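I opened the model today to look up its overall make-up and then to follow a few of its elements one by one. My notes are below, in the order in which I checked things.

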Amino acid sequence: MRSSQAALVAALVLLGIASGLGAYTFVYARGWSYLTNDPRACANCHVMDEQYDGWLKASHRSVAVCNDCHVPHDFFGKYYTKADNGFWHSFYFTTQSFHEPIQITPGGRRIAEANCRHCHAPIVAAMADGGGHGGDDPLSCIRCHGSVGHLELSATSLAADER
């Protein structure tokens, strides 16, 4: 009985330490701000300063914020993606193992592409009907228009080795 009590105490101590570190990190990193739609939250980390500054000068600033392009538009998809991105962003930032300049992931690229097509559905439909950009093998919007949201081509376009 004694060893099971010691194991329980050890587990509770480890749980307390993990919870405390998690809460401290959430407060320190202003985690609550990521639950909002405020683009300044995306620049909480200096790694995103260039993308945020580019968005401030870009054409979509007046019609779209970061979430409009970078997360799905449904409730579950939005917050799942925010949680997933938040975890991995903090992991890579903490371990200093992120690529510089920062690049969008393949999953993030798929979301951005879907959101381009969602917001610009009439244009996409017209191009598909007229050929060129549509058909069975449509071109990627962000392949040619990668700098639209950030004035920063490398942040959203295909990486050079993927072209």
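**Contacts and overall make-up**

I began with the contacts that have a separation of 6 or more, and I found that residues 24 or more positions apart account for 60% of them in the protein. I note here that this is a predicted model, and I read every entry with that in mind.

I then went through the secondary structure and listed eight helices and zero strands, so that I could write down the pattern along the sequence as α-α-α-α-α-α-α-α. For burial, I recorded that buried residues make up 26% of the 163 residues in the protein. The accessible surface of the protein comes to about 11,300 Å² in my notes, and carbon and sulfur atoms hold 65% of that surface.

I looked next for nonpolar side chains on the surface and noted a patch formed by Val9, Val13, Leu14, Ile17 and Leu21, which together have about 490 Å² of accessible area. I placed Leu14 in helix α1, which runs over residues 2–28.

**Helix α2**

For helix α2 (residues 49–57), I listed Gln51, Tyr52, Gly54 and Trp55 as the buried residues. Looking down the axis of α2, I found these buried residues within an arc of 160°, and therefore I wrote that they line one face of the helix. As a reminder to myself, an α-helix has 3.6 residues a turn, so residues three or four places apart point the same way.

**Helix α4**

I checked the length of helix α4 (residues 75–95): at 1.5 Å a residue its 21 residues should span 30 Å, and the end C-alpha atoms are 30 Å apart, which agrees. Which residues of α4 are buried? I noted Gly77, Lys78, Thr81 and Lys82. Around the axis they cover an arc of only 120°, so I put them on the same side of α4.

I then asked what covers the buried residues of α4, and my list includes α3 (66–70) and α5 (106–119). On the face of α4 turned away from its buried side, I found the exposed residues Phe75, Phe76 and Thr94. Last, I looked at what comes after α4 and recorded that Gln96 follows the helix with a positive phi, near 55°.

Terms used: Residues are numbered from 1 along each chain as its sequence is written. This is a predicted model: local features need pLDDT of at least 70, side-chain atom pairs count only at pLDDT 80 or more; totals for chains, interfaces and linings use all residues. Side-chain values use heavy atoms; hydrogens and water are left out. Patches are made of residues with over 30% relative accessible area and no salt bridge: like charges are joined within 9 Å, nonpolar side chains (Val, Leu, Ile, Met, Phe, Trp, Tyr) within 5 Å. Accessible areas come from the Shrake-Rupley method with a 1.4 Å probe; for residues, only the protein chains shown count as cover. A salt bridge is a side-chain nitrogen of Lys or Arg within 4 Å of a carboxyl oxygen of Asp or Glu. Helices (H or I, at least four residues) and strands (E, at least two) are DSSP runs, numbered from the N terminus. Buried means under 20% relative accessible area, exposed over 50%, partly exposed in between (1.4 Å probe, protein chains only). Contact means heavy atoms within 4.5 Å. The expected span of a helix is 1.5 Å times one less than its number of residues. The arc is that of the directions from the helix axis to the C-beta atoms.
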